[in-house]
Amino acid sequence: MSNKVHTVVPGDTFVKISTTYYGTYKKWRQIVNSNPQLQGRKTSSDGVPLLYPGDVLIIPQDIKNEAAVSSSEPKFLDELSPDDISITIDGETYTGFTGYTLQLSMDGMDAFSFSAVYDGNDQILNGVFTPFAFKQCGVYFERKLVFSGTLLTPTPEVTPDSKTITIQGYPICGVLNDCNIPVSKFPPSYSGMTLEEIASDICEPFNINTNFEDSSGEAFSKIEVEPTDKILDFLKKLSEQRNLLFTNDSKGMLKFYKVKAEDVSATFQEGEIPFISCKPNFKTQEMYSHITGFTKTDKNTDSAQFTYENNFLIKKGVFRPISYVISDATNANLSDCVRVKVGQMMANCVSYELTVVGCTDPDGNLYHKGMCISLVAPGAEIYRETKLQVRNLTIKRSDTEGVQTTMELVLPESFTGSIPEVLPWE
């Protein structure tokens, strides 16, 4: 369900407009927050911006109304292949793509890109694939919802031999990666609020729900945010200090969570089907022996510090220190913030790119972000059977290679802020 648009007529007030669209006057502030062009206007005696006939207002959908955000089950065509990708737009289902790419991430936003033959004279398709329409859509695999998303501007291409179109998109909450906090909320007063309260307040004008699978932790005593900060960058900085990751859920909304141990879903062995290739990605210059975090100082407080000792390097006599200033950290949670930095270091320094045939596990389930696999690949210096976690995965289908999945694998300890006792090459 998309936002509505209202053109102001004589006699309109925010209370009247809120009552018309929501059935209650209490949601007038939600309309104000979704229309930052109203900032700087003259206000009434109670501080509400004045309205003028002809004003065009965005009326956000009511995210608190479950019926407004739930997507109904699409009616798939009988001839739709059950083992194929499909997308629903404006209530219609589209399939038969010449190629597709699904990108799924456990600590970022999912994305898709589909290609198809395109007839520019088809008026129906022209209405669907309109530039800058930002239509809502649903991405399905085997008729099961992967995620609800937003369709970005399609790209048609005409050559002497073909006419094609590529459609791309991301989850509904992907807009937070593009935008800043609305000016209607500046200057924000987030000090003394929890991450859950902050995220909910920021996402409200975008009609995006926030889902916290785990506690959002204690309130922040101080918050620093600039008007130019992208929303997801700002929330990432805060979530790291509470040892939380975020991604989108299947409804396209923003999910915060802690990584939980998963059982191994699939096992891969070098030289055995469905294994295709594996290569390590070692970033040597980003590995450090001593990781120190400092709290930010001001005239009223002294800086605190905490150092994590990376015994993997220290036992080899390697000395490579690095320090961070963690601006919103307190003395109480500084060690947790540093351990998050340690986990990020390990995820960045030790990862593997595994490519396999197909896109489903032995039980027929689509490979998913965060799943754990077991891998032996001596050619990639994984000498023993090693449990690894899928940080990101890309599922592709092309005419030449069929369906293949490429997984970015990291050590599961990376998201718990520790370094394993034994590494895959030992």
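In this predicted model, three strands form an open sheet in the order 11-13-12, with mixed pairing. Strand 11 (210-212) and strand 12 (245-248) are the edge strands; each has a single partner strand, so one side of each lacks a neighbour in the sheet. On average, neighbouring strands of this sheet are turned by 25° against each other, direction ignored.

**Pairing within the sheet**

- Strands of a sheet pair through backbone hydrogen bonds, in either a parallel or an antiparallel manner.
- Strand 13, which covers residues 254-257, pairs with strand 11 in the parallel sense over three bridges.
- Phe212 stands opposite Phe256, a residue of strand 13.

**A helix across the sheet**

- Helix 5, formed by residues 195-203, lies across strand 11 and strand 13.
- The direction of helix 5 is at about 165° to that of strand 11.

**The chain as a whole**

- Eight helices and 22 strands are found in the chain.
- Along the principal axes, the C-alpha atoms fill a box of roughly 75 × 70 × 40 Å.
- Among the contacts in the chain with a separation of 6 or more, 66% are between residues 24 or more positions apart.

**Burial, surface and charge**

- The chain has 426 residues, of which 45% count as buried.
- Its accessible surface is about 21,400 Å², and carbon and sulfur atoms contribute 50% of this area.
- There are 38 positive and 54 negative side chains in the chain.
- The centres of these two sets of charged side chains lie 6 Å apart.

Terms used:
Residues are numbered from 1 along each chain as its sequence is written. This is a predicted model: local features need pLDDT of at least 70, side-chain atom pairs count only at pLDDT 80 or more; totals for chains, interfaces and linings use all residues. Side-chain values use heavy atoms; hydrogens and water are left out. Helices (H or I, at least four residues) and strands (E, at least two) are DSSP runs, numbered from the N terminus. Buried means under 20% relative accessible area, exposed over 50%, partly exposed in between (1.4 Å probe, protein chains only). Contact means heavy atoms within 4.5 Å. Accessible areas come from the Shrake-Rupley method with a 1.4 Å probe; for residues, only the protein chains shown count as cover. Lys and Arg count as positive and Asp and Glu as negative; His and the chain ends are not counted. The place of a charge is taken as NZ of Lys, CZ of Arg, CG of Asp or CD of Glu. Two strands pair if DSSP finds at least two bridges between them. Axes are lines fitted to C-alpha atoms, for helices over the stretch in contact, and angles run from 0 to 180 degrees between N-to-C directions.
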